[in-house]
Amino acid sequence: MKMFDGHADIWYDVAKKRKLGEERIVERYHLDRMRSGNIMGGIFIAYLGYEEGQDDVKEMLHLVNSTIHEIKNNPELFNIIKKKGDFNRGLVEEKLNVLMGIEGLRAIGKNLDWLDTLYELGFRHASLTWNEENDLATGVGGDENRGLTDIGIEAVKKMEKLGMIIDVSHANEKTFWDIFNNTTKPIIASHSNAYSLCKHRRNLTDEQIKAIASRDGIIGVNAYKGFVAIDPARQNLERYVDHIEYIISLVGVKHVALGFDFCEYLNPEKKEEDINPKGLENASKAYAVIEELRRREYSESDIRKIAYENFMRIAENLL
């Protein structure tokens, strides 16, 4: 059973290593782990980090340039999902099935022409914010009474028109509902869990989960251990799958997927178990989720939906 990971900060890692002059970064640092875990691709993210005195526009250009460079120089490795039919082509060709994403649009400011540029370069996914407040929207670290700005409303409408997937992970609750109320197509939370099981601000309330499902959207369940459980004793594979089961109990199997957000490779100074749950320490362990779902007697048909078919449906319907 192959899996599609709804959130991987791969392009961010590529950009970091490109600054050191490295090449073929996905092949050298990520491919073996993904194949060992039966991950056949995912939404690969260009994430704009924070550094003191950073020029956000310059850094975003480096992210985008590094992403395009990695793709163009490794054509045998990537199947880039841009339109209907591309997801299935990647399954047939057995390349990495990649949907290009941006986490946080802080760098574009109020200039929505950037959305056209990003689209033309192949990006088909974006979240408006990480955890911060910016010109478009408000993340979970911002003012709870601030949501989308006027230009943010224009942004989500333009994204829908272009055919870009709108991601509400990292948005605060007001931004979430502003996005929901100013769009009509499916939206996703690519890497968020159930607040009812783990009361972290990055997780979704039952009402938010139901709203996403009402639009035929999906929630990708996140493997960062702090979003899986507050109690360290429960930060494990089994509790991760509990989040999958809980979302299914609310809205059905059609609306849950995998959004692992493995990030141990971004923090090499830390141990994997300090970041990711026991039994799900990195991408090479991802197949344990499939095995746990089988142990809980889910049908192969339902497991396929969770593993990749739900994300495939979103790609086919929106792009």
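I began with the second largest cavity, whose lining residues divide into five nonpolar, one polar and no charged. For these classes I count Ala, Val, Leu, Ile, Met, Phe, Trp, Tyr, Cys and Pro as nonpolar, Asp, Glu, Lys and Arg as charged, and the others, Gly among them, as polar. The lining consists of Ala-46, Leu-48, Met-60, Leu-63, Ile-102 and Gly-104. About 30 Å³ of space lies in this second largest cavity.

A note on the source: this is a predicted model, where local features need pLDDT of at least 70, side-chain atom pairs count only at pLDDT 80 or more, and totals for chains, interfaces and linings use all residues. Residues are numbered from 1 along each chain as its sequence is written, and side-chain values use heavy atoms, with hydrogens and water left out.

Next I looked up the largest cavity, which holds about 40 Å³ of space. A cavity here is a set of points on a 1 Å grid over the protein atoms alone where a 1.4 Å probe fits but cannot get out, and lining residues have an atom within 4 Å of a point. Grid points are joined across faces, edges and corners, and the volume is the space filled by probe spheres set on the points. Glu-160, Gly-163, Met-164, Ile-165, Ile-166, Lys-185, Pro-186 and Leu-318 line the largest cavity.

Leaving aside neighbours within four places in sequence, the contacts of Ile-165 include Leu-99, Arg-124, Ile-188 and Ile-314, contact being heavy atoms within 4.5 Å.

Then I turned to the largest nonpolar core, which has 110 residues. Such a core is a set of buried Ala, Val, Leu, Ile, Met, Phe, Trp, Tyr and Cys residues joined through side-chain atoms within 4.5 Å. Helix 13 (residues 300–318) gives the largest share of this core, nine residues. Helices (H or I, at least four residues) and strands (E, at least two) are DSSP runs, numbered from the N terminus. Ile-244 is among the members that touch the most others.

Last, helix 5 (residues 86–93): its buried residues are Asp-86, Phe-87 and Gly-90. Seen down the helix axis, they fall within an arc of 110 degrees, so they line one face; the arc is that of the directions from the axis to the C-beta atoms. Among the elements they pack against are strand 1 (3–8) and helix 13.

Key
Buried < 20%, exposed > 50% of the residue type's maximum accessible area, 1.4 Å probe, protein only. 1 Å grid on protein atoms, 1.4 Å probe; cavity = no way out; pocket = protein on both sides within 12 Å on 5 of 7 lines; lining within 4 Å.
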